[in-house]
Amino acid sequence: NRWLIALSAVAIHLSIGSAYAYSVYSNPIAQTVGWKSTQVTLAFTLAIAFLGISAATLGRFVEKKGPRTSATIAAILFSFGQIGAGFAVWIQSLPLFLIMYGVIGGIGLGLGYISPVSTLVKWFPDRRGLATGIAVFGFGAGALVTSPVAARLIESVGVTNTFYILGATYLLLMLAGASYIVRPPQGWIPKGIQNSKEKGQNNVSEDLAQLTANEAIKTKRFWMLWTMIFINISSGIMIISVASPLSQEMIGLSVASAASMVGLMGIFNGGGRIGWSTISDYIGRSTVFSIFFIIQIIAFLTLPIVSNVILFQILIFLIMTTYGGGFAALPAFIGDIFGTKELGAIHGYILTAWSLAGVVGPITVAYIYETTGSYTPAFFLITIMLFIALLVSFMIQLDIKRIKKHHKNKLLKAV
């Protein structure tokens with residue numbers, strides 16, 4: 001059942017998405033063992049860095065060994081990293097904590113992220129955007145589920161035991177998901193598509209090409225897509241990294257109200273993953289990305305001059321939907337323009353944009369604010385980047401049309 005396979009992917013992504021709830025651990029860990037906040041934060045930075053590294057380097061492993069084996073290994077690494085992090089807190093060893101949570105857990109995070117995605121694209125040739133949106137929604141929702149649970153556990157049983165309990169829970173949840181994920185049989189297509197083909201109809205567009213990862217990175221459209229993803233993620237992470245102080249300074253929200261806004265941002269991030277990816281099934285992935293950049297350009301130009309609290313938050317929430325939507329539409333976009341031959345490996349390569357944006361976005365906005373005392377210059381800088389991304393989105397559409405026309409001409413000559 002392909003819908004149960006999608007549910008299995010959600011179980012995996014829901015578990016690894018708990019990484020976004022890391023801030024819940026920060027103060028309790030610092031208070032328990034006396035580490036500096038920068039030392040505690042370094043573990044999360046390492047985890048995100050190794051997410052990108054492992055996604056880029058292990059994509060071929062996923063294609064070779066299959067999603068079940070890959071997801072099982074991801075479950076063991078991620079949960080072992082969590083449990084090991086708890087042990088490191090117990091013995092008060094910072095190096096061990098960084099290795100367990102940041103390196104081992106981070107590798108499990110990256111492998112777990114890409115393992116189910118290429119399989120879902122193959123199971124849902126008719127609804128690629130929706131399928132990958134559902135899975136990646138799990139990653140976005142992971143923090144919403146984990147944050148309150150982890151906070152209560154820390155209060156009742158302490159940091160170390162919280163890591164043990166949640167690590168064991170993630171292991172069971174991810175292994176359950178991994179056990180059901182398999183690739184579809186060779187040549188398999190859904191019954192609805194089969195019936196349509198028998199009637200002479202074809203509701204599924206053909207992929208632009210079937211390329212290996214090495215072939216894909218030599219094309220212009222790979223680097224155009226990489227650039228679009230990098231800028232889309234940079235703008236979203238920039239907002240996420242300063243959302244609370246930004247809203248307090250620019251429109252005078254209280255600390256409590258700012259915290260509530262941050263919580264709602266997570267909901268819009270998750271909702272955008274399903275909503276935009278589903279829309280992309282109908283209007284096309286390249287069109288959706290163009291819409292992302294237009295929305296963000298308007299939002300970032302408007303934010304510095306907004307004084308209305310509700311409008312300010314609406315603009316922030318809109319940016320969050322495009323941030324989440326970019327993650328969800330990406331795997332389907334890769335399938336559209338590069339095929340499913342080595343989708344996992346190509347997906348891993350493009351996710352290096354995530355790792356780089358995760359560093360560039362927060363550092364840039366922090367530096368600009370420290371230098372100028374205002375967030376406005378950062379808004380203008382990201383707006384320039386978004387104009388570049390919009391231009392690239394138009395260029396990739398032209399490139400796709402050119403290739404389709406070339407294929408059509410070759411077919412006509414052959415006939």
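**Contacts, core and salt bridges**

Trainee: Which residues is Val365 in contact with, leaving aside neighbours within four places in sequence?
Mentor: Met238, Ser241, Val242, Tyr375 and Ala378 are the residues Val365 is in contact with once those neighbours are set aside. Contact means heavy atoms within 4.5 Å. Residues are numbered from 1 along each chain as its sequence is written, and side-chain values use heavy atoms, with hydrogens and water left out. The model is predicted: local features need pLDDT of at least 70, side-chain atom pairs count only at pLDDT 80 or more, and totals for chains, interfaces and linings use all residues.

Trainee: Which helix is Val365 found in?
Mentor: Val365 is found in helix α16, residues 352–372. Helices here are DSSP runs of H or I with at least four residues, strands are runs of E with at least two, and both are numbered from the N terminus.

Trainee: Val365, buried or exposed?
Mentor: Val365 counts as buried because its relative accessibility is 2%. Buried is under 20% relative accessible area, exposed is over 50%, and partly exposed is in between, with a 1.4 Å probe and protein chains only.

Trainee: And the confidence, what does pLDDT average over the protein chain?
Mentor: The average is 88, and 96% of the residues score at least 70. pLDDT is the predictor's confidence in each residue, from 0 to 100.

Trainee: Which element has the lowest mean pLDDT?
Mentor: Helix α9, residues 191–198, has the lowest mean at 60, while helix α13, residues 285–302, has the highest at 96. Where pLDDT is low, the predicted coordinates should not be read in detail.

Trainee: Switching to the core. How many residues does the largest nonpolar core have?
Mentor: The largest core has 121 residues, and those with the most contacts inside it are Ile29, Phe97, Leu225, Ile239 and Trp354. A nonpolar core is a set of buried Ala, Val, Leu, Ile, Met, Phe, Trp, Tyr and Cys residues joined through side-chain atoms within 4.5 Å. Helix α11, residues 220–251, supplies the largest share, with 16 residues.

Trainee: What does Leu225 touch?
Mentor: Not counting residues up to four places away in sequence, Leu225 touches Leu330, Phe333, Ile334, Ile337, Phe338, Ile350 and Ile396.

Trainee: And Ile29, where is that?
Mentor: Ile29 is in helix α2, residues 23–33, and is buried there along with Tyr25, Ser26, Pro28 and Val33. The buried residues of α2 pack against α3, α4 (67–91), α5 (94–114), α7 and α8 (159–180). Gly34, with a positive phi near 80°, follows α2.

Trainee: Which residue has a positive phi although it is not a glycine?
Mentor: Gln92 has a positive phi of about 60°, and its place is in the loop between α4 and α5.

Trainee: Charges next. How many salt bridges does a search of the whole structure find?
Mentor: The search finds eight. A salt bridge is a side-chain nitrogen of Lys or Arg within 4 Å of a carboxyl oxygen of Asp or Glu.

Trainee: Which residues are linked in a network of salt bridges?
Mentor: Arg128, Asp281, Arg285 and Asp336 are linked in a network. In that group, Asp336 and Arg128 meet at 3.0 Å, N to O. This pair links distant parts of the chain, with Asp336 in helix α14 (residues 309–338) and Arg128 in helix α7, 208 residues apart. Arg285 and Asp281 meet at 2.8 Å, N to O.

Trainee: Arg128, buried or exposed?
Mentor: Arg128 counts as buried, at 8% relative accessibility. Arg285 is buried too, at 9%, whereas Asp281 is partly exposed, at 25%.

Trainee: Which side chain does Lys122 meet in a salt bridge?
Mentor: Lys122 meets Glu63, at 3.8 Å, N to O. Lys122 is in helix α6 (residues 117–123) and Glu63 in helix α3 (residues 37–65), 59 residues apart. Glu63 is buried, with a relative accessible area of 12%.

Trainee: Last one, the surface. Which residues form a nonpolar patch there?
Mentor: Leu144, Val145, Val149, Leu264, Ile267 and Phe268 form the patch, with about 470 Å² of accessible area together. Helices α7 (128–157) and α12 (255–283) are the elements that give two or more residues to the patch. Patches are made of residues with over 30% relative accessible area and no salt bridge: like charges are joined within 9 Å, and nonpolar side chains (Val, Leu, Ile, Met, Phe, Trp, Tyr) within 5 Å. Accessible areas come from the Shrake-Rupley method with a 1.4 Å probe, and for residues only the protein chains shown count as cover.
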